[in-house]
Amino acid sequence: MEPVGWLLLVLLGAWAALDGVSAGQFMISRPLVTGTVTGLVLGDPTTGFLLGLTLDLFHLGVVPAGGVRLPEPGPAAIPAVYAAILVGSEGGLAVGFSVGVVLALVGGAAVILQRRWQGRLVEGLEGAGTDPGDLTRRLLLALGLDGVRGAVLVAVGLGVVWAVPAGWRAAWVAGWPLAEATTWALLLACAALPAGAVAGNLTPERGRVLLLVGGLVVGMALGFWMPGS
Amino acid sequence: MKWRLLVRLFFIQALWNYRTLLGSGLAWALLPALRRFRATEEDELRNAIGRHAEHFNAHPYLAGFAVGALAGMERDEVDQEVIRRFREVVRGPLGSLGDRLVWSAWLPTCVLLSGGLVLLGLPPLWGVAVFLVIFNLLHLALRWWGITAGLALGKGVGEALGRARLPIWAERVGRAGVLLLGLVAGLVLATGVRPSEPALHVGPTGLFVAAGLLLFIAGVRREQRAWWWTPALTLGAVTGVFLWGILWVA
C-alpha cells in the first residue's frame, strides 16, 4: 500500500473514532461504512462492504445506552479489511474478521480509559464554573485525544497486520481448508447469534417471530429467483 | 442563535464522562445563549456554566430539546430552581426515547436495509450511500426539530415530544426492522453472501448454515444477554478450522 493509502486509512480511523461518540454521530463509524471505504482505498470495495456488513451484524445487537461498556467496531473494521485483502483468498476473510472482533474489544477498552480521563478533565466545572475559553479548550483537548486514539488504534492494527511475515500469510492461506462460500457461512454463523439478538431490540412484541419468518420466506424466495443465483 | 446551538449540538458528547455524563458538553453547547443572556457580569456567566455543567444525560439526537428549551428559559429569565428541576425531569425521557427509537430501531433497520439492497444486487458504494442518507434524514430532522421546538416552547417542550408519539414510531420502525432482519437472513441462506455462490448445499457449508440458523434462533430467544461470549466463539471457530486444515486436510 502507498503511503497516501496508509494516511487515508489512519485519518479514516480518527474520523470514525470521533464520529462514534464525540463528534457528529453521522454513523461514519459503522463497520459497514469504514469497511467499504477501506476496501475502496485498497481496490476491493465489495470485500470491504461484505466484511464490514458481517462485522456490523456481529455488533448490531449492542445498544450504546446508559454509557455501558461496548466494543468499538468502526475503526476496527479498517485493519480487518486490510488484513482480509493483504492475506487474500478465503483464509484472509477469516483472519480479517478475527482482527475486527479483537480490535473492536481493544477499541472499547480504550474508550473506557478516554471517558475516565475526561472525568478528570472536567473536574471543577460544576458549581464554580469556568470562563468560556477554558471550557472550549477542555472540549477541544478531549476531541483531539479521541481522534488521536482512533488514529493510533488503526495505525497499530495496520502495522501489526503489515508486519506479519509473507511466509506466515502464505502458510495461513495454504492451511485454510474452506472454500469461499463455506468461509462466509462460518463467519455469518459466528455473527448469527448477536444478529438474532437484534430482533429483541427491534421490537419486544411476541409477534416478532411471525414478522421474522415472513421476512425469511420473502428473502429466500428473492434469493432463489434473483438473476445469477 | 438556532444555527449556533445546532452546530454545537453535534459535539455535546465530546466531554462525555462517567461522573457528569453529558453535563459539560451541555454547558458548552449552551454557551452562545449563556453569553447573550447571562454575560452582564463575568461571574454570572461563570456561575451559569457551572450550573449547566452538572450531571445531565439524554440521547445525543434528542438533546436538542433540552438545549433549545434551556436556551429559551435563560432568555425568558426563568427562575433557576425551575431550570434545575426541568433538567432533572427531561433527562430520563430524552434518554430512553432516543435509545428506543434510534439505537434499538432506526440504526439496525437502516443497516439491514443497506445490506439487503446490496445482497439483491445494488453496488456496495450505493449501499453505503443509501445507509448514510436514510439514517441521517431522521438524525438531522431530530436535531433540528429539538432545537426549534425547545427554543419556541421552553419548558413546555415535553408536550411537543408527547404529541409526536415517538414510542409508537419506534415500534413501527422496529417491526419493519424485524421484517428486514428475516429478509437478509433469507437472502444469505438462499444465495450465500456472494450471489454467484449458492450456500445452501450439503457438506461443511450446510453444517455452518445449520449452526448459524440455530445460533440465530438462540439469539432471537435470548436477546441482549447473548452477546458477550460470541468473540470467544468466533476466535475459537476460526482457530479450530485452521488447525483442522493443517492437521487433517493437508
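So, 101 residues of chain B are in contact with 106 residues of chain A, where contact means heavy atoms within 4.5 Å. Before I go on, some housekeeping: this is a predicted model, in which local features need pLDDT of at least 70 and side-chain atom pairs count only at pLDDT 80 or more, while totals for chains, interfaces and linings use all residues. Residues are numbered from 1 along each chain as its sequence is written, chains are lettered from A and ligands numbered from 1 in the order in which they are written, and side-chain values use heavy atoms, with hydrogens and water left out.

Back to the two chains. How much area is buried between chain B and chain A? About 9,200 Å², and carbon and sulfur atoms give 74% of that. Buried area here is the accessible area (1.4 Å probe) that two parts lose on being put together, summed over both.

Now the charged side of things. The rule finds one salt bridge across the interface of chain B and chain A. A salt bridge, for anyone new to this, is a side-chain nitrogen of Lys or Arg within 4 Å of a carboxyl oxygen of Asp or Glu. Which side chains meet in a salt bridge? Those of A:E126 and B:R19, at 2.8 Å from N to O.

Which parts of chain B do the touching? Several helices of chain B each supply at least two residues of the side that touches chain A, among them α6 (80-119), α7 (124-153) and α9 (166-191). Helices (H or I, at least four residues) and strands (E, at least two) are DSSP runs, numbered from the N terminus. The largest share of that side, 17 residues, comes from α9(B). By class, the side of chain B that touches chain A has 63 nonpolar, 26 polar and 12 charged residues. For the classes, Ala, Val, Leu, Ile, Met, Phe, Trp, Tyr, Cys and Pro count as nonpolar, Asp, Glu, Lys and Arg as charged, and the others, Gly among them, as polar.

Let me zoom in on one residue, B:T230, which lies in helix α11 of chain B. Is B:T230 buried or exposed? It counts as buried because its relative accessibility is 0%; the rule is buried under 20% relative accessible area, exposed over 50%, partly exposed in between (1.4 Å probe, protein chains only). Leaving out residues up to four places away in sequence, B:T230 touches A:F58, A:L193 and A:P194.

On to chain A by itself. Its secondary structure comes to nine helices and zero strands, and buried residues make up 61% of its 229 residues. Along its principal axes, the C-alpha trace of chain A spans about 65 × 50 × 25 Å.

Chain A is divided into domain 1 (3-176) and domain 2 (178-229), with bounds that come from an automatic or database domain assignment. The C-alpha centres of these two domains of chain A lie 26 Å apart. Their contact takes 13 residues from domain 1 and 14 residues from domain 2. About 1,200 Å² is buried between them, and carbon and sulfur atoms give 76% of it. Between these domains there are zero salt bridges and one residue pair in polar contact, both at pLDDT 80 or more. On the domain 1 side, α3 (45-59) and α5 (89-121) of chain A each supply at least two residues, and α3(A) gives the largest share, five residues.

Chain B has two domains as well: domain 1 (2-99 + 126-164) and domain 2 (166-249). Their centres, taken over C-alpha atoms, are separated by 39 Å.

Last stop, some backbone angles. Most residues other than glycine have a negative phi. A:M27, though, has a positive phi of about 70° and is not a glycine. A:M27 is found in the loop between α1 (3-22) and α2 (31-41) of chain A, and A:M27 counts as buried because its relative accessibility is 3%. A:S89 also has a positive phi, near 60°. A:S89 sits in helix α5 of chain A and is partly exposed, with a relative accessible area of 44%.

Technical notes. A polar contact is a pair of N or O atoms within 3.5 Å; within protein, one must be able to donate a hydrogen and the other to accept it, and residues adjacent in sequence count only if both atoms are side-chain atoms.
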